[in-house]
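The sequence and the structure are shown first.

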Amino acid sequence: MARGGLAAPLLGRSQGSASGTLRKVFGSISGLCLLILLILFFVFVRYSPEDADVDVYYMWYIHVAIMIWVGFGFLMTFLHHYSLGAVCLNFFASCFITLEAAFVIGSFYYSDHHEAGSWLVVDLNLPLLIEGLFAAAAGMISFGAVLGKVSPAQLLLLMVLEVPFYAVNNYFIIDQVFSAKDVGGSMGIHAFGAYFGLAATLFLSRKGTGSSHTQNRSNYTSDVTSMIGTIFLWIFWPSFNATMAMPGPFSSAIHDSRFTAVVNTIVSLSGACLATFMASALVDGKFNVVHIQNATLAGGVAMGSAADLSDVGPGGALAIGMVAGILSVMGFKYIGPVLEKWVGLKDTRGVHNLHGLPGLLGGVAAAVVMMVNGDWHGFGYQLLALLVTFNVAILGGAVSGALSSLVDRLGTDDAVNAAFNDQSAFSIEV
Amino acid sequence: MARGGLAAPLLGRSQGSASGTLRKVFGSISGLCLLILLILFFVFVRYSPEDADVDVYYMWYIHVAIMIWVGFGFLMTFLHHYSLGAVCLNFFASCFITLEAAFVIGSFYYSDHHEAGSWLVVDLNLPLLIEGLFAAAAGMISFGAVLGKVSPAQLLLLMVLEVPFYAVNNYFIIDQVFSAKDVGGSMGIHAFGAYFGLAATLFLSRKGTGSSHTQNRSNYTSDVTSMIGTIFLWIFWPSFNATMAMPGPFSSAIHDSRFTAVVNTIVSLSGACLATFMASALVDGKFNVVHIQNATLAGGVAMGSAADLSDVGPGGALAIGMVAGILSVMGFKYIGPVLEKWVGLKDTRGVHNLHGLPGLLGGVAAAVVMMVNGDWHGFGYQLLALLVTFNVAILGGAVSGALSSLVDRLGTDDAVNAAFNDQSAFSIEV
Amino acid sequence: MARGGLAAPLLGRSQGSASGTLRKVFGSISGLCLLILLILFFVFVRYSPEDADVDVYYMWYIHVAIMIWVGFGFLMTFLHHYSLGAVCLNFFASCFITLEAAFVIGSFYYSDHHEAGSWLVVDLNLPLLIEGLFAAAAGMISFGAVLGKVSPAQLLLLMVLEVPFYAVNNYFIIDQVFSAKDVGGSMGIHAFGAYFGLAATLFLSRKGTGSSHTQNRSNYTSDVTSMIGTIFLWIFWPSFNATMAMPGPFSSAIHDSRFTAVVNTIVSLSGACLATFMASALVDGKFNVVHIQNATLAGGVAMGSAADLSDVGPGGALAIGMVAGILSVMGFKYIGPVLEKWVGLKDTRGVHNLHGLPGLLGGVAAAVVMMVNGDWHGFGYQLLALLVTFNVAILGGAVSGALSSLVDRLGTDDAVNAAFNDQSAFSIEV
């Protein structure tokens, strides 16, 4: 049933070559990465349970994990012949990033916890694994921009390279130097992940793999499975913004503001959902399922910087969510097509509209709350953090995208045939 | 793949008109509703964290949210050309109801918390949001009765009007006057939602949109996605019945009976699941997937009034669940068709069989437990509460259905063409 | 859409007979089982809330329940014409096993809690229900081996018979006599369930129902819905291994090692996921979706015995997971086909590769940790427990499979027609 939708000859060549490169290139690169990871974990990592680690952090860890693997994984199944690639490569890559980032971020914090001159020790516990999941979120946002256009080996390389840029940006720029407000990562996760992916896609998307590609589309079933991702992301997003809003090893919080972060995010997400349906009907005359799958979540993105600020208030949270939803719909309707036409930006999942723009909005929203409170110092550093994040992401994405594009390089015809097509990497019929 | 199942000409007209009305009617009504909500939240709502609000309530909030958005959302995807409408409109409408009901119910409780003569203040916290989710559950039950037959604007109006009826019924009749037992809402949520929807559908379902409509059916894929909803509802239902079984701002509980509510509901749901498979095989000769998607949940509905009563006992809970499952299967097999034929009741999802009848059973079950305990006073008020709920629901549903039917009114042919068809409101091919 | 894939005549006969037998055989057997269960629960079972039962155990109960009903249920939807049978019969059978096992296991522990000579009383609480879910996990693993080849009545009988074997093995052999380490059931749940099912399938799989059966295959949609199961199992597995790693009524733990169990399992699962993608690319040249749906989980299985041992360490956990993932891929690629060809083992879901082999590995891994620590006594008993489990499972599976095969016996042609086909038991078109 429902198979054989693509003629075999069209795929004959790319299939053959893909099979060879997947075994050789992906096999060797992933094997090398796994070996390094194994050695690092054996030599440098040890368990470090905090008091009541499980009771305090485990529920939040699970919630964020659901967002990464169910949420992003199924959200990206919308492409009708790339659903398996979306959920499976999201599975693999998130897994790798979580461990790599736990090691990298744990190393950064090493100097805070240990005496000078001692051997590097990474203390692995649940807060550090949550930090790893945050990095995976940034990575999966970047994946959305290059979705269907990169080989598994290219994706793995891109993600391996993204982690240090992500970690440096968050550690030095946000956590340590500017002390910007970004508890849920409007800037450090969403804007970073989006602009990193957008810069990378300039190097990784071949001509002819834009929105007019015949396979760059959904069908009825893939639209429904994509809604699984949307709904789970939407439900669990309050946990994403709240899990670091309490004092802990990787948190700058000085008191427990999880209640504020949870309720601000619930209200903001509700505002985004409601505004998205309204805006979609107004701009398209019918509901556009792309808007509903994505823009409904913009309230979570845009509340990521200011979530733990009680000055936002229920009305403010609702307003931020509504503005974010409308901004995201406008992005999909008007800004995305313009960027594709004039800048050549081929953003498969439209991450600019869900994570880029609402991420910038979120960073600015927190700055505005500070300004209203007369904290001009904070206001300035918040905008500076946003600017630095924007630049690190674009620089990092360009470098990483260019490097990743050096492996599995296909001719233009083969690249177009392989795009958005699970037969490139999976032994299945679509 | 799997597209083009409907001939284009059949939909040509309704598509055209739907596009116009969605932009104008839904756009303006939803815009107005959002504006009012935004003003109310800015002026009247403030955060009111209880002690340990997040630690005590957040997990239960998330569980109930999963039931609303994953559970009801995917359960209703069973219609093969209305899966997106089901999950998306469930998403939008539940979101709106939650905020509206939080405001309305918060206002009702205002007089309990504040001194006379002070300005209205709604204290927003997690228990109030859970109350909002309960109202959304009632709304989504009503939605099941009119599923596929109402435009988005009609649905929004119906839900906007349902909330005050729901809140008045629960507050005055159950919480304050009769003090009926209804911790998980057998009466106040399930029976109310079902009879409200059934009364509304008399005004909102057009001739020819009953069970013989060619699109009023599932296919293999939509039956599987519907099972996502069933399974998540079934797993998390114990939380639905237990979350208010502890002392708190919106609970009449005087001690913590969450253990009893959880275990009673687990056992009752198990009984319903087991009895449903047996009964379905007996009445149909094969398993009817409609029974399995719905009647397996009747044990949760029927345990909604007596969940926190330890007198029920493991055997009693199992018996209530089994009776509820069998009753629900009988409803689908024998009662539903009779009601459609003789009363003209076009109940798309069969909410009468899952929420109406088992809801009544649940209210009576709690009354019987009281009677056995010699509490004749409680017994009488319990039945009275049931009777009042039944009447308020039917009256409210009729009024709200009639009012909602005034917008987006189509001719009979257009209504039949638009029914159970996502092309009416979504810019997709089915 | 996507219906009518099978010609009606092919199924005519088996449909007719199935309809008759489902009503008579399944109806009567399930009715009898339900009646007995109801009587047992009325007479012998009472609620026994431990202190803080809900606060300590409910989250873990829900996590394990998600694994049983969402995880195993959707993982098994991979067969393109047996998706409903998979998720629905998993629903029914898990429900029955949970209650039956709670009764049986509760009876076993009766003598520990009550004075000699008193009447049997089963104290029902959340830890006992979690024990019931563990038994359901073993049952659903066995179901995977016979998937698509047994009638509902045969499945019910098989599961009814599996529970006492399971309970005896775990209680006497692991918990009480050998005191083997098996907190997450590498041996007692996974290896037991796999070898029980494999022994049973020798009696329940008819000639012609092996991997070459034309309906024994997935399609694109069923591969995606199967990934729902994989992802949920993978996310919640740490809870499976950790929930008994604290002192409690059914736990042999003497201190709280939930942190160790959670982190060991997270790291091991990550290792299995990463190694599976690498190994699948290496052995198949492309990703084999069967490997990804299954072998990624082998890290959870293999960590089931040693999860609570902190000596494993992050590097050790990663290594165990990687080895388990590679072992599982090798099992699917090389060992499964050999066993089918030479032993006639028709293992529909490949449970030997995901639960059998990694379960043995898990038991051995814990033994090795003991040996390294110089605990030769524990080492010996661990291997002895593994050996006994292996034998009890095969003996129990053979006896139960043979007995179950006596009902609903079809001729060979009918059996082949009915296999892997939801029309055998469901009133649907596929």
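## A salt bridge within chain B

Arg46(B) and Asp123(B) form a salt bridge, with their closest N and O atoms 2.7 Å apart; the term denotes a side-chain nitrogen of Lys or Arg within 4 Å of a carboxyl oxygen of Asp or Glu. Arg46(B) belongs to strand β1 of chain B and Asp123(B) to strand β2 (residues 122-124), so the pair ties together parts that are 77 residues apart in sequence. Helices (H or I, at least four residues) and strands (E, at least two) are DSSP runs numbered from the N terminus. Arg46(B) is partly exposed at a relative accessible area of 39%, whereas Asp123(B) is buried at 16%. Buried here means under 20% relative accessible area, exposed means over 50%, and partly exposed lies in between (1.4 Å probe, protein chains only).

## Basis of the description

The model is predicted: local features need pLDDT of at least 70 and side-chain atom pairs count only at pLDDT 80 or more, while totals for chains, interfaces and linings use all residues. Residues are numbered from 1 along each chain as its sequence is written, chains are lettered from A and ligands numbered from 1 in the order in which they are written, and side-chain values use heavy atoms, with hydrogens and water left out.

## The interface of chains B and A

The contact (heavy atoms within 4.5 Å) takes 64 residues from chain B and 53 residues from chain A. Together the two chains bury about 5,100 Å², with 79% of this on carbon and sulfur atoms. Buried area is the accessible area (1.4 Å probe) that two parts lose on being put together, summed over both.

Between chain B and chain A there are 13 residue pairs in polar contact, both residues being at pLDDT 80 or more. A polar contact is a pair of N or O atoms within 3.5 Å; within protein, one must be able to donate a hydrogen and the other to accept it, and residues adjacent in sequence count only if both atoms are side-chain atoms. On the side of chain B that touches chain A, two or more residues come from each of α1 (8-44), β1 (45-47), α2 (53-75), α3 (83-108), α5 (126-146) and α8 (220-242). The largest share, 14 residues, is that of α1(B). By class, this side has 42 nonpolar, 15 polar and seven charged residues. In this scheme Ala, Val, Leu, Ile, Met, Phe, Trp, Tyr, Cys and Pro are nonpolar, Asp, Glu, Lys and Arg are charged, and the others, Gly among them, are polar.

## The interface of chains C and A

Chain C contributes 54 residues to its contact with chain A, and chain A contributes 64. The area buried between chain C and chain A is about 5,100 Å², 79% of it on carbon and sulfur atoms. Within chain C, Tyr220(C), Phe259(C) and Lys286(C) lose the most area to chain A, together 17% of what that side buries.

The count of residue pairs in polar contact between chain C and chain A is 13 (both at pLDDT 80 or more). The elements giving two or more residues to the chain C side are α2 (53-75), α8 (220-242), α9 (258-284), α10 (289-294) and α12 (313-343) of chain C. Of these, α9(C) supplies the largest share, 17 residues. The chain C side that touches chain A has 34 nonpolar, 15 polar and five charged residues.

## Salt bridges between chains

Side chains of opposite charge can pair when their charged atoms come close. Over all chains, the structure has 15 salt bridges. One of them joins Asp55(B) to Arg258(A) at 3.2 Å, N to O. This pair crosses from helix α2 of chain B to helix α9 (residues 258-284) of chain A. Asp55(B) is exposed, at 57% relative accessibility, and Arg258(A) is buried, at 6%.

The interface of chain C and chain A has one salt bridge, in which Arg258(C) and Asp55(A) have their closest N and O atoms 3.2 Å apart. Arg258(C) also pairs with Asp256(C) at 2.8 Å, N to O. Arg258(C) is buried at 6% relative accessibility, while Asp256(C) is partly exposed at 42%.

## Relation of the copies

Chain B superposes on chain A by a rotation of 120° with 0.0 Å of shift along its axis (RMSD 0.0 Å); copies are superposed by least squares on the C-alpha atoms of residues with pLDDT of at least 70 in both. That is the relation of a three-fold axis. The copies use different surfaces, as 6% of the contact residues of chain B recur in chain A.
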